[in-house]
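Me: I'm new to this one. Can you take me through the pockets, then a residue?

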Amino acid sequence: MNNRLEGLQPERVFYYFEELTRIPHGSGNTKKISDYCADMAKAHGLEYYQDELNNLIIIKPASAGYAESPAVMLQGHLDMVNEKTDESAHDFSKDPLDIDVDGDWIYAHDTTLGGDDGIAVAMMLAILEDQSLAHPRLECVFTIDEEVGMEGAAGIDLSMCRSRYLLNLDSEEEGIMLSSCAGGVRYDLQLPVRYAKAKGVRADLVISGLKGGHSGAEIDKQRANANILMGRLLFRLDLEGDYSLISLEGGSKDNAITRTCRAELLVDEEAVQTLEKETADFLAEIRNEYQTVDPDIDITLEFKTAQQAQILNPLDQEKVIFLLMQAPYGVQAMSTDIEGLVETSLNLGVMRLTEDHFMMRYSIRSCINSRKKLLCDKLEYLIQFLGGDFTFTGDYPEWEYKRDSNFRALLADVYEEKYGSKMQVQAIHAGLECGIIGKKLPGIDMVSIGPDMKDIHTPQERLSISSTARTYDFVCEVLKRMQN
Ligand SMILES: [Zn+2]
């Protein structure tokens, strides 16, 4: 087999990285890669623990002179996202990746590379086998299925670990220390509703043309959400004219900002003109409000012939509109520790009238647990007050920013000495494994770093060779500086 990465430095990091690209390891298919790493531990006489999920922990004792120093955890995930181009015939269940080098970049022909997070695995294996390195006791943690809900981190038993510091290696930009992430939960509100038969002019109301986006990464852009706009419009139409709701439907994912929302109305012949005018006025106002961030919003209202339909009970309709007008939405607070970071937010990703209830599905996020809880309480209070109920799923913990972190200070010092510039402290408004691991090891001081990667999770994914070399060198130097 060709060794495309031969000759690259650090040699053992790229050796292992190339080995990993030959072992299929998409999420859900981690047995082989986990065994490969376990075999390496066995071959080097290192203590290791592999669980039934295929999570793996490899322990390397402290080097001479570091016996008294607190243990350090290095951590990355074993699984990768399998994506390929439309033309590719690659079989992710058995084919090795077809990797190549272009200048400073490693990539795979027509598929994801798995630099996320294979480079973390390769760096840990290289550190584990290198007897020349100076470091405290190392606890290297290899988790599975980070990319599909962090199941490995959730299921792993860390009770044998003594680490007081965690260096997570799952970031994609050199020079940045991630220091906090959001926790989240998916919240469903259900309001029972009734219908009755009525006759009138049927109308289709559609709000579309919105940019949408990810409810974690893009909630700070203050774009419009079609469900929220529909709530405003229904409220306004209700003030000015008379109509009844037949149906209401917007969005399909809790974590996507809703781009389209549809409602069907039943209206009186005499109300048609008023509703048309109010809708047009509303559209003009909305376009003004969102001119900069969401300029292509459109609203259409089309009337059909008079017919019979099942309409929502007037009291239930009022409750639906009340909910849409009163439930909190969007960015609730910005971080007071990290500039530009959204601290707490919620997104109404899905809403729908069914035959017996109205449902609203939220994605709630916060890097402060009590603020997440507060939002949940508000929604619960509101829905129960109106006679409805709630359920929640997919709860995952935040990684709260540690205002006083020795570990961050050490990394900052080492980085500045080596490269003459300052590391940036950042955080993300989405989940990381650090949130889950941190809950299992209370008080642990954590940072997440990684070498430069581009376009992860796409067939254009690439990994910088020079940045990997610097990052590896940096990690080794940080470990060396952790004496006592
Ligand atoms: Zn990753």
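Me: How do the residues lining the largest pocket divide by class?
Reply: Its lining has 18 nonpolar, 14 polar and 14 charged residues. Here Ala, Val, Leu, Ile, Met, Phe, Trp, Tyr, Cys and Pro count as nonpolar, Asp, Glu, Lys and Arg as charged, and the others, Gly among them, as polar. This is a predicted model, where local features need pLDDT of at least 70, side-chain atom pairs count only at pLDDT 80 or more, and totals for chains, interfaces and linings use all residues. Residues are numbered from 1 along each chain as its sequence is written, and side-chain values use heavy atoms, leaving out hydrogens and water.

Me: Which element gives the largest share of that lining?
Reply: β17 does, with four residues. Strands are DSSP E runs of at least two residues, and helices H or I runs of at least four, numbered from the N terminus.

Me: Changing topic, is Glu 343 buried or exposed?
Reply: Glu 343 is buried, because its relative accessible area is 5% (buried is under 20%, exposed over 50%, partly exposed in between, with a 1.4 Å probe and protein chains only).

Me: And where is Glu 343 found?
Reply: In strand β15, residues 342-353.

Me: What does Glu 343 touch, not counting residues up to four places away in sequence?
Reply: Its contacts (heavy atoms within 4.5 Å) include Arg 365, Arg 371 and His 429.

Me: What about Tyr 48, which strand is that in?
Reply: Tyr 48 lies in β1, residues 47-50. Tyr 48 counts as partly exposed because its relative accessibility is 29%.
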